[in-house]
Amino acid sequence: MTAAEFIAAMTEPVPAPRGAVCVRCRTWTYAPVPVRHIERQSGPGVTLYACPTHAVDLWAGPTPGDELRAP
Ligand SMILES: [Zn+2]
């Protein structure tokens, strides 16, 4: 590895960690399942995730992918 390659490797952005905290057991999961989406008056809504184990225990709620369309 040359000095230029080393510097290029050190300055690459670190990828963001994938996953989320489960709303039920509060542990980090690498396979989050969206179970709720809470709209807020200001700013973007909040999506709550669950681990695959607890996702089946929670009722399916609206997610960002769900959109109500007027007929
Ligand atoms: Zn969980």
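Predicted model: local features only at pLDDT ≥ 70, side-chain atom pairs only at ≥ 80, totals over all residues.
How many C-beta neighbours does Arg 26 have inside 10 Å, and does that make Arg 26 count as buried or exposed?

Coloured by secondary structure, the chain shows 2 helices and 4 strands, which follow one another along the sequence in the pattern α-β-β-β-β-α. Of its 71 residues, 7% count as buried, and among the contacts with a separation of 6 or more, 39% are accounted for by residues 24 or more positions apart.

Next, select Gly 19, which you will find in the loop between helix H1 (3–11) and strand E1 (20–21). Gly 19 counts as partly exposed, because 13 C-beta neighbours lie inside 10 Å. Once its neighbours within four places in sequence are left aside, Gly 19 is in contact with Trp 28, Thr 29, Tyr 30 and Pro 32.

Now move on to Arg 26, in the loop that runs between strand E1 (20–21) and strand E2 (28–29). In the backbone here, phi of Arg 26 is near 60°, a positive value in a residue other than glycine. As for the opening question, Arg 26 has 8 C-beta neighbours inside 10 Å and therefore counts as exposed, since a residue with 12 or fewer is placed in that class.

Conventions. Residues numbered from 1 in each chain as written. Buried ≥ 20, exposed ≤ 12 C-beta atoms within 10 Å, placed from the backbone. Contact = placed C-beta atoms within 7 Å.
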